[in-house]
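Dear colleague,

I am passing on a structure that you have not worked with before, and I would be grateful if you could look through it. The notes below the structure go through what was found in it.

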Amino acid sequence: QVQLVESGGGLVQAGGSLRLSCVASGSAVSIPNMGWYRQAPGKQRELVARVTSDGSTNYADSVKGRFTISRDNAKSTVYLQMNTLKPEDTAVYYCNAVVVVASPYRSVGVWGQGTLVTVFS
């Protein structure tokens, strides 16, 4: 079973930066996709950014130019560098991965427990 553990959330003033990390552990044949979602109070969970194993990325329009997603395949880790943070970025950020597991061979979606990012003005 694959587990995701996030770290790096916290309290930051508007205009500041934070870096989130998410490490995947457990038995996986491969991890084709890793990404970050967020959920603000009273809102639905939304995609922030995701990255494939070959480095292809896509971002929500609201974070383009401010956030950068990257991954270290050797460490099964995905990062989210968040710059020029705004109060509207306040949310619980969740790591997500699509992993391929064996016995039986299949793709499964896995979620982390979430990490809170609070941006104050």
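Contact, as the word is used here, means heavy atoms within 4.5 Å. Leaving aside neighbours within four places in sequence, A28 is in contact with V2, V99 and V100. This is a predicted model, in which local features need pLDDT of at least 70 and side-chain atom pairs count only at pLDDT 80 or more, while totals for chains, interfaces and linings use all residues. Residues are numbered from 1 along each chain as its sequence is written, and side-chain values use heavy atoms, with hydrogens and water left out.

A28 itself lies in the loop between strand 3 (18-25) and strand 4, where strands (E, at least two residues) are DSSP runs numbered from the N terminus. With a relative accessible area of 33%, A28 is partly exposed, a class that falls between buried (under 20% relative accessible area) and exposed (over 50%), using a 1.4 Å probe and protein chains only. Although A28 and Q1 are 27 residues apart along the chain, their C-alpha atoms are separated by 7.7 Å.

Strand 9 (residues 91-101) deserves a careful look: nine of its 11 residues are buried, so it is largely enclosed by the rest of the structure. Two strands are said to pair if DSSP finds at least two bridges between them. Strand 9 pairs with strand 4 (residues 30-39) in the antiparallel sense over eight bridges, and in this pairing S30 has V100 as its bridge partner. With strand 10 (residues 106-111), strand 9 pairs over six bridges, again in the antiparallel sense, and V99 is partnered there by V108.

Within strand 11 you will find T115, which is buried at a relative accessible area of 11%. The side chain of T115 reaches the backbone nitrogen of G9 at 3.3 Å, and among the residues that T115 touches, not counting those up to four places away in sequence, are E6, L20 and Y93.

Strand 7 pairs with strand 8 (residues 77-82) in the antiparallel sense over six bridges, and I69 stands opposite L80 in strand 8.

R38, in strand 4, counts as buried at 6% relative accessibility. Its side chain makes polar contacts (N or O atoms within 3.5 Å, one able to donate a hydrogen and the other to accept it, with residues adjacent in sequence counting only if both atoms are side-chain atoms). One is with the side chain of E46, at 2.8 Å, and another is with the side chain of Y93, at 2.9 Å.

The largest pocket is lined by 13 residues, of which R38, A40, K43, E46 and E88 lie nearest its centre. A pocket here is an open set of points, on a 1 Å grid over the protein atoms alone, where a 1.4 Å probe fits, with protein on both sides within 12 Å along at least five of seven lines, and lining residues have an atom within 4 Å of a point.

With kind regards

How values were computed
Helices (H or I, at least four residues) and strands (E, at least two) are DSSP runs, numbered from the N terminus.
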